[in-house]
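Grab a pencil and work through these exercises on one protein chain. Try each task yourself before you read the solution.

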Amino acid sequence: MHGIVGPRQGGARIIIDSEDASTGVGKTGLAVYLALLLCRTFGYEIEKDDLTLSGAAYLQRWRDHLGAEQPSVIILDELGGAGAGQARRAMSTQNVDLSNAWQLMRKKRIVTIVTLPHWSKADKSLRKQADYRLWCLREPIGYFRPYQVGATFNDGNIQTRGYDDVDRIRFPNMDKHESPVYSYLDTKKDELLESGFFDADKLRDDGENDETKGTLTDSDKEHIKHMAESTGATQAEIADVYEIDRSTVSKIKHEAL
């Protein structure tokens with residue numbers, strides 16, 4: 001917080017991963033909980049465009065975000081698994097763009113929170129620019145250990161440093177708290193799994209190229225929301241009824257977030 005609201009007036013880059021790359025330990029829940037705490041502190045109201053699995057969508061949001069006056073928060077969930085920031089894409093244009101965005105973070109005062117199974121899955125340039133690593137424990141679930149990320153004095157290799165006065169920190173189960181922010185990200189991950197290509201950038205492109213959303217009336221959208229929230233119909237079933245794609249159903253369902 002001192003680095004964000006103190007004399008430096010900068011941003012922060014936080015990577016959340018897990019012990020043994022374990023799943024189901026609450027990485028997304030921790031990201032959401034931390035984001036909401038920061039937003040409350042900053043007086044910033046998080047929007048659905050601040051929640052993404054797509055590196056391309058993250059970069060666009062970064063460009064559109066507020067300037068140096070207002071600190072803000074973006075969650076980039078599943079940094080590796082959804083295609084963005086992967087170590088195997090180290091030479092990709094997107095990774096270079098992500099790295100450049102993080103270098104210029106101080107001009108935007110954005111707190112970026114990213115999640116991935118293990119931080120080694122992220123490109124080295126991104127790990128090197130991270131400020132903090134939050135390591136979710138496999139047992140007990142609902143705890144993490146914080147580390148500050150830095151570089152060695154002589155050769156600049158990446159190193160993580162723990163805190164002598166902190167062993168582990170507890171965080172709540174955001175799924176049980178019925179957080180709309182958590183639910184939105186969970187839906188986007190379900191949508192990505194259903195897509196079959198496991199690349200959020202491609203899913204975003206499909207959504208942007210869809211021309212059917214503009215033909216839906218307000219009554220159609222209200223009925224889609226009702227079907228999604230009250231009838232138990234799946235996104236695929238609703239999409240079939242209206243002859244639209246699942247990403248459009250998801251967007252309409254969460255427009256009021």
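**Exercise 1. Find the strand partners of β1.**

Solution. Start with β5 (residues 132–136): this strand runs parallel to β1, and five bridges join the two. Here strands are DSSP runs of E with at least two residues, helices are runs of H or I with at least four, and both are numbered from the N terminus. Two strands count as paired if DSSP finds at least two bridges between them. To place the pair residue by residue, look at isoleucine 15, which stands opposite arginine 133 in β5.

Next, take β4 (residues 110–115), which also pairs with β1 in the parallel sense, over five bridges. In that pair, isoleucine 16 sits opposite threonine 115.

Before you go on, a word on the model: it is predicted, so local features need pLDDT of at least 70, side-chain atom pairs count only at pLDDT 80 or more, and totals for chains, interfaces and linings use all residues. Residues are numbered from 1 along each chain as its sequence is written, and side-chain values use heavy atoms, with hydrogens and water left out.

**Exercise 2. Work out which way the side chains of β1 point, and whether they are buried or exposed.**

Solution. First, the general idea: side chains in a regular strand alternate between the two faces of the sheet. Now sort the residues: Ala12, Ile14, Ile16 and Ser18 point one way, while Arg13, Ile15 and Asp17 point the other way. Then check the cover: seven of the seven residues in β1 (residues 12–18) are buried. Buried means under 20% relative accessible area, exposed means over 50%, and partly exposed is in between (1.4 Å probe, protein chains only).

**Exercise 3. Describe how α6 and α10 pack.**

Solution. In general, you describe two packed helices by the angle between their axes and the distance between the axes. For α6 (residues 180–195) and α10 (residues 246–253), the angle is about 175° and the axes are 10 Å apart. So α6 is roughly antiparallel to α10. (Under 35 degrees is roughly parallel, over 145 roughly antiparallel, 65 to 115 roughly perpendicular, and the rest oblique.) The axes are lines fitted to C-alpha atoms over the stretch in contact, and angles run from 0 to 180 degrees between N-to-C directions.

Last step: list who touches whom. Thr187, Glu191, Glu194 and Ser195 of α6 make the contact with Arg246, Ser247, Ser250 and Lys253 of α10, where contact means heavy atoms within 4.5 Å.
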